[in-house]
Amino acid sequence: MKRNWSLTSRLSLVFAGVMMSVWLLTSVLLVAALGSYFRSQDLTLLTGKLELATELLESEARTGKLDTAGLARKLADAMVGHSGLYLSIRTADNQILAAYFSPGFPVPAERFAGEPLKLNTLQTVEEDGWRYNVMIKKIGAENAGRHRDVLITAAYDTGFHDEFIGQLKEWLMWLNGGLIFLSVLLGWLATRIGLRPLNEINRLASAITVNNLSERLPARHLPSELMPTVVEFNSMLERLEGSFRRLSEFSSDIAHELRTPVSNLMMQTQVALSRERDAASYREVLFSNLEELGRLARMSSDMLFLAKSENGLLALENEIFSAKAELEELIEFFEPLTAENGKTLTLEGDASMKGDRLMLRRALSNLITNAIKYSSDGAAILIRAEQQAGMAFVHISNRTEAITQENLGRLFDRFYRGDSSRQHNTDGAGLGLSITRAVVQAHNGTLQVFLDGDIVTFTVKIPAA
């Protein structure tokens with residue numbers, strides 16, 4: 001099973017890995033820099049010795065007679081105090097004219113009697129476990145006072161440098177080994193300190209339950225990286241609090257709505273069973289019960305419709321139709337109802353709509369019913385359809401006193417009625433606007449409400465044909 005590493009462990013290992021990478025790179029660069037420095041020092045030293053030997057040779061040649069014994073003596077005197085150094089002057093046919101060996105130099109003179117190395121170039125030679133740098137310079141016969149060219153060879157033992165670099169590598173190896181544990185410890189401490197705000201957020205978040213969703217995480221004194229997370233978390237809590245509040249209100253409302261018809265059914269049934277009655281009386285009770293059952297059936301059907309819409313289970317037809325034609329039929333249907341209270345329905349404009357015609361007709365019917373129900377007597381209800389920028393709009397406006405700015409945001413809640421004084425003498429269950437909004441949203445549209453003084457306007461906006 002795959003192990004889930006904690007964030008502290010991951011950051012500690014990453015911190016340790018970065019530190020070790022830096023230390024290892026620094027160690028490699030340090031060793032390389034020292035090696036380059038020592039090689040540069042050897043180049044300077046050997047170049048100087050070659051120049052010194054050249055001056056001695058040319059000085060002897062200018063006397064007219066080359067004294068090899070005197071040259072060797074001068075060469076030895078000039079090299080006094082130098083350790084690990086070899087210097088020789090020989091002819092092109094490997095005849096040694098003069099040579100100097102510092103005490104303990106490991107390479108025999110015969111080593112340089114063979115084929116010469118590259119001229120005027122510092123070269124590193126490894127032989128029999130020894131390592132040394134060599135430079136060879138060629139002097140023309142005319143300058144050497146001889147019939148043949150002369151080769152001057154200078155070599156320097158790098159044992160001291162190699163031993164120093166070897167000890168440095170060993171020391172760095174132990175240092176890096178100890179730094180592994182130090183890096184892990186420092187990474188753990190740095191991570192613990194850096195994650196302290198996150199641990200505090202976790203502590204506060206774990207204390208938030210259903211009973212105290214009003215709590216919010218503090219957004220002050222937080223690192224900038226955690227600020228968006230805390231803001232989004234608090235926004236989520238606000239949404240959850242609103243959802244739980246609406247769910248609680250919905251449960252209370254549905255219990256209240258169901259209690260009335262169920263109580264009526266029980267009371268009427270108990271009255272009917274209290275004594276013997278004739279067939280007409282029983283028929284009257286059954287008709288009354290049928291009305292209550294029909295109310296329960298409509299409420300159940302509406303709730304099922306809303307549940308399907310919330311879960312994307314509505315099967316929509318896709319057809320093109322005229323909004324004006326549908327609205328004219330609805331106005332004709334509602335005319336007898338409006339005539340009773342002297343209200344009027346006026347239609348303006350047209351729009352080409354695309355979607356499920358029956359569902360959209362139900363949504364528009366709910367809006368018109370709502371406008372008729374909650375408008376004052378003799379009010380004029382204006383219905384205006386328009387189409388622009390690829391969208392179809394239907395605006396339904398009426399004058400009302402039942403809607404205020406305070407309850408404007410709750411009009412689409414389930415079982416909510418704008419006029420509380422009329423909650424018990426209206427036929428609806430308070431689901432009409434919720435169903436209307438669900439239908440409009442299923443068509444990728446929006447349903448909005450605006451209040452200007454005492455005039456309320458519902459606007460349906462869906463994609464046009």
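1. Buried means under 20% relative accessible area, exposed means over 50%, and partly exposed lies in between (1.4 Å probe, protein chains only). By that rule, Lys 137 is buried, with a relative accessible area of 17%. The labels used below for other residues follow the same cut-offs.

2. Basis of the model. This is a predicted model: local features need pLDDT of at least 70, side-chain atom pairs count only at pLDDT 80 or more, and totals for chains, interfaces and linings use all residues. Residues are numbered from 1 along each chain as its sequence is written, and side-chain values use heavy atoms, with hydrogens and water left out.

3. Annotated span. UniProt, in an unreviewed entry, places the feature "transmembrane region" at residues 12-38. UniProt positions are given in the numbering used here, feature names are shortened, and annotations may be inferred rather than shown by experiment. In the model, residues 12-38 are 100% helix and 0% strand. The end C-alpha atoms of the span lie 39 Å apart. Helices (H or I, at least four residues) and strands (E, at least two) are DSSP runs, numbered from the N terminus.

4. The sheet. Five strands form an open sheet: 5 strands in the order β2-β1-β5-β4-β3, with antiparallel pairing. The edge strands are β2 (96-101) and β3 (123-127), and each pairs on one side only. From one strand to the next, the twist averages 20°. Two strands pair if DSSP finds at least two bridges between them.

5. Strand β3 pairs with β4 (residues 130-139) in the antiparallel sense, over 5 bridges. Which residue in β4 is the bridge partner of Glu 127? The partner is Trp 130.

6. Helix on the sheet. Helix α2 (residues 68-78) lies across β1 (85-91) and β2. Contact here means heavy atoms within 4.5 Å. Helix α2 runs at about 20° to β2. Axes are lines fitted to C-alpha atoms, for helices over the stretch in contact, and angles run from 0 to 180 degrees between N-to-C directions.

7. Aromatic pairs. Rings of Phe, Tyr and Trp (its six-membered ring) pair if their centres lie within 6.5 Å; planes under 30 degrees apart count as stacked, over 60 as edge-to-face and the rest as tilted. The count by this rule is 3 aromatic pairs. The ring centres of Tyr 37 and Phe 38 are 5.8 Å apart and the planes stand at 55°, so this pair is tilted. Phe 38 also pairs with Phe 164, edge-to-face, at 6.0 Å centre to centre and 85° between the planes. That pair links distant parts of the chain: Phe 38 is in helix α1 (residues 7-62), Phe 164 is in helix α4 (residues 159-194), and they are 126 residues apart.

8. The ring cluster. Ring pairs link Tyr 37, Phe 38 and Phe 164 into a cluster. Is Phe 38 buried or exposed? At 13% relative accessibility, Phe 38 counts as buried. Tyr 37 is partly exposed at 46%, and Phe 164 is partly exposed at 37%.

9. A salt bridge is a side-chain nitrogen of Lys or Arg within 4 Å of a carboxyl oxygen of Asp or Glu. The count by this rule is 8 salt bridges. One of them joins Glu 51 and Lys 137 (3.2 Å, N to O). Glu 51 lies in helix α1 and Lys 137 in strand β4, so the pair ties together parts that are 86 residues apart in sequence. Glu 51 is partly exposed, at 37%. Arg 131 and Asp 162 form a salt bridge too (2.9 Å, N to O). This pair links Arg 131 in strand β4 with Asp 162 in helix α4, 31 residues apart. Arg 131 is partly exposed at 31%, as is Asp 162 at 29%.

10. The Glu 319 network. Arg 357 forms a salt bridge with Glu 319, the closest N and O atoms being 3.9 Å apart. Arg 357 is in helix α9 (residues 357-374) and Glu 319 in strand β6 (residues 319-322), 38 residues apart. Salt bridges that share partners join Glu 319, Glu 326, Glu 329, Arg 357 and Arg 361 into one network. Arg 357 is partly exposed at 25%, and Glu 319 is partly exposed at 31%.

11. Strands β6 and β8. These strands pair in the antiparallel sense over 4 bridges. In β8, Gly 355 is the bridge partner of Glu 319. Side chains alternate along β8 (residues 352-355).
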